[in-house]
Amino acid sequence: MWTISGAVWALKVRCPDPTDMASDHRRVVLYPSGIAFNAAREGDLLSAAASAGIEVPAACRNGVCELCEARLVAGLALNTRNQQTVEAGGQLMLCRTTALTDLDLEISAVMATGNNQPGNYLAKVVDVRSISHDVYRVELQLPRRRQLSFHAGQYLSIKLPDAEPCYFSIASSPSARNIELHIQATPEWVSAQKVIDALTSGGEVTVELPHGKACLASTPEKPLLLVAAGTGFAQMKSLVDYLRETSYKHPVKLYWGVRRHEDMYLRSLARQWQEEWPPFTFLPVVGDDEDSDWRGHHDQLVHAVLASGMDWNNVEVHASGSPTMVYTLMDALVEAGLPEGAFFSDVLEYAPRA
Ligand code: FES
C-alpha cells in the first residue's frame, strides 16, 4: 500500500565563486536527501543544520566521534580544529567546519522527507488516559529510541494479533523521549476501542513506523498554515512542537475545526502556544457556535481558512482530517491561487482521488 520513493541523486559540481566569499550566508545542500539550509559565515555547520530543523547524528560536537562526518562534493570549507581548508573530495565533521563558500555535501545519515524505512518495534505502554469524552492520550516508549528516527508529522500503525493495523498520527516531536498518540475511541467504534482496551491492559504492543510523506524534514523558508479537523490536531501538535524547538521565525497559523466545543480536547494547549510563541496564531472553528451553518462537510472550516488573508503564493499548507475535508480545502485553496505543490496531507497518499 505504501510506496517510499528512493532519494534522488543529483550532485552538481560547483566551483567556488569568489562572490560567495563576501555574502553573509552560505547555502549548504545535503545529498542524497536534497535537503538544504543556510549557514552563517562564522557558525559551525552542525548548529546551522539544527537551527533549520535538520537532524544530523552527533555526539561529541568536537570533531572526535565522527558521527557527523560528511564528504565535501563541491565548495570550500574550513576545519576549525586545525584551521585547514577542505576542498572538494575531502572529509569533514559538520560540528567543526564552517563554510567558506556554498557547499554540496554527501551525508547519507540525513534522511529525505518520507524516505525513512518503516520497521516493527515492541513498544512499552507508559500511559493511557482519557482527555475528553472520546479521546485518549497514549504514551509509548520505544526501544533504542536514539537510533529510531522519524520526521515531525509522520504516523505509525499499531498491530494487534488477529486485527488489521490501525494508523495514528504521532503527536510528539521527533526529539521527545516518548511517542504520544491521540486516539479517538468509543464502544461503537470497535477497532479503535479494541486498541484502547489492549493498551489499557498494559504491557507491550507492536508498532510499525515511520509512515507518511506529509511531514517536515527541515523547516520551510516561508509561513505555514496548519489545518486540522478533530484528532487531526495530533499531527499538527508534532509539527508545532518541532517548529518551536527549531525557533522557527515565520508566521504559523493553526485552524482547528470540530463539531462541538467539547470535541476540542486540547484547546488550552493551543492557547498556551499562542501566549508563549509570538509567530503562532490559533484559530478555533467550532460547528455549534451561534450562527454556525456547519453542514458536516467542514464548509465552515474551509471558509475560515479562505478568509485568513494569507498570501497563497508564499505559504506552505499542511492539512489533517477526513478525505472530504482535505480535498474540499485543497480545491478551494488551489482555486484561490495556492500552488498544488505547496499543499501537504497524508490523505493525498492513502486516499488518492480516482
Ligand atoms: S559530533 Fe562528534 S564529530 Fe561531530
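Trainee: Which residue in β17 stands opposite Gly257?
Mentor: This is a predicted model, in which local features need pLDDT of at least 70, side-chain atom pairs count only at pLDDT 80 or more, and totals for chains, interfaces and linings use all residues. Residues are numbered from 1 along each chain as its sequence is written. Strand β16 (residues 252-258) runs parallel to β17 and is joined to it by seven bridges; strands (E, at least two residues) and helices (H or I, at least four) are DSSP runs numbered from the N terminus. Within β17, the residue opposite Gly257 is Val285.

Trainee: Which strands stand at the edges of the sheet?
Mentor: The open sheet has five strands with parallel pairing, in the order β17-β16-β15-β18-β19, where two strands pair if DSSP finds at least two bridges between them. Each edge strand has a single partner, so one side of it is left without a neighbour in the sheet. The edge strands are β17 (280-286) and β19.

Trainee: At what angle to β18 does α6 run?
Mentor: Helix α6 lies across β15, β18 and β19. Axes are lines fitted to C-alpha atoms, for helices over the stretch in contact (C-beta atoms, placed from the backbone, within 7 Å). Angles run from 0 to 180 degrees between N-to-C directions. The angle of α6 to β18 is about 160°.

Trainee: Within what arc do the buried residues of α6 fall?
Mentor: Met325, Val326, Leu329, Met330 and Leu333 are buried in α6; a residue is buried if 20 or more other C-beta atoms, placed from the backbone, lie within 10 Å of its own, exposed if 12 or fewer, and partly exposed in between. Seen down the axis, they line one face of the helix because their arc, taken from the directions from the helix axis to the C-beta atoms, is within 120°.

Trainee: Which exposed residues does the opposite face of α6 carry?
Mentor: The buried residues of α6 are covered by elements including β15 (224-229), α5 (299-306) and β18 (316-320). The face turned away from this buried side carries the exposed residues Asp331 and Glu335.

Methods. Contact = placed C-beta atoms within 7 Å.
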